[in-house]
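Hi everyone, thanks for coming.

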Amino acid sequence: MKNLLLALCLSAFSLSCLAAPVVIANPAGPDALSKAEVKKLFLGKLKKLPNGKAPVVIEYNEGDPLRVAFHDVATGKSEAQLQAYWSKLIFTGKAKPPKTAASASVAVSEVAGNADAIAYVDEADVTDAVKVVFTP
């Protein structure tokens, strides 16, 4: 019984390690984004999508494990660095913080309903209503 429980725990742990964040867009949005574009989008530096429209960037709340994992690979910033970065931009009036979503289902719903919305979700949360435009 202990071996079965241990095997289940290890399987669950290994599956969570394999999950990875992917950047999603509305099917009417851009077909693909480069790593540089994704980095600029989520740091508020990219003001237009490849189709010329202003992006609606959707983030997760501070401390969310997916947010930490995404920014680690996409922007190279830690949670503390992100907070300091956005605080400076907001204080100086250079940018507005991204819209936040409380869950992956909310992020997918927002992207599915807005052709200019960009978000990231765990690849397991991608549905037919959105398309993957970048995989870190």
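Predicted model: local features only at pLDDT ≥ 70, side-chain atom pairs only at ≥ 80, totals over all residues.

Residues are numbered from 1 along each chain as its sequence is written, and side-chain values use heavy atoms, with hydrogens and water left out.

So, the overview. The protein chain has five helices and five strands; helices (H or I, at least four residues) and strands (E, at least two) are DSSP runs, numbered from the N terminus. Along the sequence they come as α-β-α-β-α-α-β-α-β-β. Of the 136 residues, 37% are buried, where buried means under 20% relative accessible area, exposed over 50%, and partly exposed in between, with a 1.4 Å probe and protein chains only. Take the contacts (heavy atoms within 4.5 Å) between residues at least 6 apart in sequence: 70% of them join residues at least 24 apart.

Now, which residues of helix 5 are buried? In this helix, residues 104-113, they are A104, A107, V108 and V111. They sit on the same side of helix 5 because they cover an arc of only 95° around the axis, taking the directions from the helix axis to the C-beta atoms. In general, an α-helix has 3.6 residues a turn, so residues three or four places apart point the same way. On the other side of helix 5, S105 and G113 are exposed. The cover over the buried residues includes strand 1 (21-25), strand 2 (56-60), strand 3 (99-101) and strand 4 (117-122).

Next, the pair. Helix 2 (residues 35-42) packs on helix 3 (residues 65-74) at about 130°, with axes 10 Å apart; axes are lines fitted to C-alpha atoms, for helices over the stretch in contact, and angles run from 0 to 180 degrees between N-to-C directions. On the helix 2 side, K35, V38, K39 and F42 make the contact, and on the helix 3 side F70, H71, V73 and A74.

Last, where is A129? A129 lies in the loop between strand 4 and strand 5 (131-134). A129 is partly exposed, at 35% relative accessible area. Leaving out residues up to four places away in sequence, A129 touches P27 and A112.
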